[in-house]
4 protein chains.
Amino acid sequence: MTRQVTVGVIGAGRIGRLHAENLSRGALGAKVAGIADSSLAAAQAAAKSCQVDRAITDARELFADPAIEAIVICSPTDTHAPLLEAAAAAGKHIFCEKPIDLDLERTRQALGAVQRAGVLLQVGFNRRFDPDFARLARLVREGCAGTPEIVRITSRDSQPPPLDYVRGSGGLFLDMAIHDFDMARFLLREEVVEVHAWGANLVDPAIGAAGDVDTAVTTLRFPSGALCTIDNSRRAVYGYDQRLEVFGSKGCLVADHRAHTQVALWDERGRTLDRPLDFFLDRYRESYLAEMREFLDCVRDGRPPSVSAADGLAALRLALAARRSHVECRPVRMDEV
Amino acid sequence: MTRQVTVGVIGAGRIGRLHAENLSRGALGAKVAGIADSSLAAAQAAAKSCQVDRAITDARELFADPAIEAIVICSPTDTHAPLLEAAAAAGKHIFCEKPIDLDLERTRQALGAVQRAGVLLQVGFNRRFDPDFARLARLVREGCAGTPEIVRITSRDSQPPPLDYVRGSGGLFLDMAIHDFDMARFLLREEVVEVHAWGANLVDPAIGAAGDVDTAVTTLRFPSGALCTIDNSRRAVYGYDQRLEVFGSKGCLVADHRAHTQVALWDERGRTLDRPLDFFLDRYRESYLAEMREFLDCVRDGRPPSVSAADGLAALRLALAARRSHVECRPVRMDEV
Amino acid sequence: MTRQVTVGVIGAGRIGRLHAENLSRGALGAKVAGIADSSLAAAQAAAKSCQVDRAITDARELFADPAIEAIVICSPTDTHAPLLEAAAAAGKHIFCEKPIDLDLERTRQALGAVQRAGVLLQVGFNRRFDPDFARLARLVREGCAGTPEIVRITSRDSQPPPLDYVRGSGGLFLDMAIHDFDMARFLLREEVVEVHAWGANLVDPAIGAAGDVDTAVTTLRFPSGALCTIDNSRRAVYGYDQRLEVFGSKGCLVADHRAHTQVALWDERGRTLDRPLDFFLDRYRESYLAEMREFLDCVRDGRPPSVSAADGLAALRLALAARRSHVECRPVRMDEV
Amino acid sequence: MTRQVTVGVIGAGRIGRLHAENLSRGALGAKVAGIADSSLAAAQAAAKSCQVDRAITDARELFADPAIEAIVICSPTDTHAPLLEAAAAAGKHIFCEKPIDLDLERTRQALGAVQRAGVLLQVGFNRRFDPDFARLARLVREGCAGTPEIVRITSRDSQPPPLDYVRGSGGLFLDMAIHDFDMARFLLREEVVEVHAWGANLVDPAIGAAGDVDTAVTTLRFPSGALCTIDNSRRAVYGYDQRLEVFGSKGCLVADHRAHTQVALWDERGRTLDRPLDFFLDRYRESYLAEMREFLDCVRDGRPPSVSAADGLAALRLALAARRSHVECRPVRMDEV
């Protein structure tokens, strides 16, 4: 039988609630002992829907509870680093949503504290656990496509986020493309040498006015010579567009986007297949469950999660390099960051 | 808030456990108050995995429990009719797996008892609730394909069932094609006039020796002139093949089968897309949840389920007509059955 | 070098002109020595566009010309039999459009004359030469799908033919489905045991008034137990729909319809792929060239064409059996025809 | 009636023969009055297969023939400029294969001569005339995808060319990607501002030893903010991979590659669709015919071809910029070239 792991959840926003629901369902062998959020109402609402007894505003109560073995951090980005440090100091294992911090030095500092405390840390790069992407990555590793030569990542939101979110997000490269940078490393299993990025403000002038871009093409150069292009847009009217392509010496592996249904209408216009899933929580539903299952298994076994602090740091450095490349209109070598 | 419905489950086999798990998850607003199975061990195992307190061998305990509002019947087919009558006599609403009985007269008798008792009855034609098929049916009703003219149902198992199962199943037409007969009625919303079926024993001689066929093509003729072909096979090496096509005056609606993932490998052989889901419990997972949600909503609201006793009867009559057509090598008019 | 074959073409309608153009292009190593049509204007127009010198109304001139080795018969169906006999008597090899005649006895008589004369005869079942269908048939023969169990032929015109054409066509089974009957035999390489057909008049009441159906589902039973369903409609608003599916013990081979282009639009409605080719002369363009190449090669080598008089006869018998099955509302055994 | 245009063809290699065959077929309303090649044997072979009377080694004979209205230049790249000048001086209209010259100044000089002579010039960017790509471009112009934001061009050869060819080709950017640069301008209808390219030698070390790359990713930045990525490889084991994607404010237009047939095999491995066409002469067969039809129409009407000298120059400048970007490891602005 699987040992039950007792968890505290910090942050009762969209993603915090999702994790709390997954954790309290029973299937994962976990128990949520408390949900903290700066808004008590939010914490209570989440607690109620997950049948959790304790809803609080001060996360320190969770750290102080000896029954709690692990902390899941889903609060706003600027709280991640101090919470990581506090949880580590309390000897709790940690699952933390990405990014750890928008500042590289602050990130390193927090990760240092985690490392010194000897607790486990998993960073929330959930897409590695998506069944489609995980299968593609496994086939790449098994050599089905031979040696990878060109990787292509398509990552387009269906709709731009609210402007308030944009302003605090760190910008497209740190907020959105960071998932794709992690995916590139996950697929190619080597470290990027150099980054070139061009961004543009084509979707909504207000995003530009807020100092961000909404459209970008980033190219990554790897030591093996492999190249990776990532294209990002904040708006795809046909739905949330998440695709991968790994082209190699023996073939090409392609993960297409996933549709609501397999129903097609053939009429005068042609054959119309159903739209892709629109919303990231639907599209990546299974991945959130799978990453949490992995985290709990690591806690049980005391082994390091497959998505590590180093992965969090590496993706952040790539995002910073891409942003700098865009701003300075030149390729940026990773040893500059 | 949704009112909680208290349910008793009879039968702790594969499908009984599935329903018990869905019902006890919380999301449906139900509570399983007991699980009965002729094997106490089976009842106990199911009860344990669903965190249900009562595991029993005698279903009568469930009928006698005034807290139980509804009964879910998942026991072997030959027990359905007496259980239906007993549950109806106890004033319980009933969800019953298909078929109600292999004998038409016995089916009518049991349904009469249900009707006289005034309880609700839903028959387990889960495929109507599959998201793909439900969407296709909705688009047909909305006229996207115009007036239906030719319907095509593909229904091929990935592997033949065990021979013991075959022997007690009533044969391919009553056991397997019955779902497709219900689907044809669901899509076309009219009653069949005449049935023609040819079966063959091509997959496994032992199935033939057991008196059954494993391959069949059935054609249905409807009053509007619309025609429906159903093809069935007990073995499709590429996976569980469940497809629909409704061709009409304004177009064609097609529900393709569903693959494990959206990953494709392009290599010397061509483009290889992932296999269809192999197992009916995976393929139709969402439909089982959705049909149970509908049943509970009907119990709460006291309204008749969309899949009625009449639907159960009609599908059985079609299955009997198809079997007779196959045996007598001639089309069979529905007024003969 | 390929020896040039000198040919006379009878019939300057749509299909006659197509064959004349293919033959006079040079690529096939043929020379058209004359075109005959009951309308001199039609013969002249065809001759001009193909740069042929002789345009005549009396086909006997072609039979009398010793330079002409082969005759291509594309005139109306009711002239096929006498022209076959005359061409055979003149010692010419013959390519004849299907059907040879709508009457079985008359067909046998004409084929007897051909056989006695010892000339070669190829019947115009062009679809066997379509690159998609030919490849599928080859893969079936090579066993890629194992032993065939269920064959499915979809054959839907984009628009009904003119009523005048319908009246003289022999009806849907003899005019349209005859191609599909030939395809079933071509794919399964065995002779049909029994035929069941249901037709309906759903597309245009005028077709019904002319004594024909416009929608039909035919099922064929083969000695091996294999079953084949054919569905026909005179109208598919989304384009000319020609598809094959051969399901067998080791897999399933599918020939999808062919689109104008590989361009898709992804928008709010979903992913819309381009329409299938609408017109049979576009869809089967390559097949007409390939069947003529085969015919000329057979003439050069003195070997019997792969599509023989027996094939023409067999398809006709199937069409007659299907028509009778529809009229008499019962399956018809092939030994009855 | 279409006026016949008399043409001389220079170069009897693969592409010269193709053009000569298309021109001599009759369908285009042209007549080939002579074929010149430095190898008399090659000229004679081409002339024979096209039924052309005159096979010569000295192209000047064609320029001197007053019956010849237009010259089609398909000889090696380094002969294009002098032949262009000589043809222009002789007052002939010119179709010239790309690139005009590998040197920008030499190209400008030759185009100047053409312009001064007032003759028409069409450059051989055949892909604009491919039915799939032409349709996609038309839909882009019609606004089906809204304002273009991200364009993606996939252009991968099935096999690397011979090393001798590589050595004289000007390298991947000038030889291969030049088609894609033209396509980017054709799709977006604006001029590139800046180019970034990274190349690698991953396919064959001998290509690297010859001073070339075999893998490249190029990004183009346009004044509107639109971005275009092009990926090139000299080897795709699954076939010649030519795809386009134009993502815009209202949707996404995608041109997929074209398969040999529409036949798929469904078996244990999944659904395997047929391979893409492997060879560029097959894949782009229709485009060669269509570009020549356009050229002849322009000659007849005295109107400038849609693919102009300026287009030839622009694509060359982009190729040079991309090569420089790759060599100097920095983005190159088009005003630098």
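Start with one charged pair: D256(D) and R271(B) form a salt bridge, and their closest N and O atoms sit 2.6 Å apart. Keep in mind that this is a predicted model. That pair belongs to the interface of chain D and chain B, where the count is two salt bridges. Nine residue pairs are in polar contact across that interface, both partners having pLDDT 80 or more.

Which strands of chain D supply at least two residues each to the side that touches chain B? They are β11 (241–248), β13 (263–267) and β14 (270–273). With four residues, β14(D) gives the most to that side. Sorted by class, the side of chain D that touches chain B has nine charged, four nonpolar and three polar residues.

There is also some strand pairing across the gap between the chains. Strand β14 (residues 270–273) of chain B is joined to β14(D) by three bridges, and the two strands run antiparallel. If you want to find the spot on screen, look for L273(B), which stands opposite R271(D) in β14(D).

The size of an interface is often given as the accessible area lost when the parts come together. For chain D and chain B, about 1,600 Å² is buried between them, with 55% of it on carbon and sulfur atoms. Which residues of chain D lose the most area to chain B? The answer is W266(D), R269(D) and R271(D), which together make up 38% of what that side buries.

| Interface | Residues in contact | Buried area | Salt bridges |
|---|---|---|---|
| Chain D and chain B | 16 of chain D, 16 of chain B | about 1,600 Å² | two |
| Chain C and chain B | 41 of chain C, 41 of chain B | about 3,200 Å² | eight |

Of the area buried between chain C and chain B, 65% is on carbon and sulfur atoms. One salt bridge to look for here is R156(C) with E245(B), whose closest N and O atoms are 2.9 Å apart. The interface of chain C and chain B has 11 residue pairs in polar contact, again with both at pLDDT 80 or more. Several strands of chain C each supply at least two residues of the side that touches chain B, among them β7 (148–156), β8 (194–200) and β9 (215–221). By class, that side of chain C divides into 19 nonpolar, 11 polar and 11 charged residues.

How are chains C and B related? The same surface serves both of them, since 100% of the contact residues of chain C recur in chain B.

Last stop: a sheet within chain B. Six strands form an open sheet in the order β3-β2-β1-β4-β5-β6, with parallel pairing. Its edge strands are β3 (55–56) and β6 (121–123), each pairing on one side only. Elsewhere in that order, strand β1 (residues 5–10) runs parallel to strand β4 (residues 70–73), and four bridges join them. To pick out one of the partners, find G8(B): its bridge partner in β4(B) is I71(B).

Technical notes
Residues numbered from 1 in each chain as written. Chains lettered and ligands numbered in written order. Predicted model: local features only at pLDDT ≥ 70, side-chain atom pairs only at ≥ 80, totals over all residues. Heavy atoms only, no water. Contact = heavy atoms within 4.5 Å. Buried area = accessible area lost by both parts, 1.4 Å probe. Salt bridge = Lys/Arg side-chain N within 4 Å of Asp/Glu carboxyl O. Polar contact = N/O pair within 3.5 Å; in protein donor to acceptor, adjacent residues only side chain to side chain. Nonpolar A, V, L, I, M, F, W, Y, C, P; charged D, E, K, R; others polar. Pairing = 2+ DSSP bridges.
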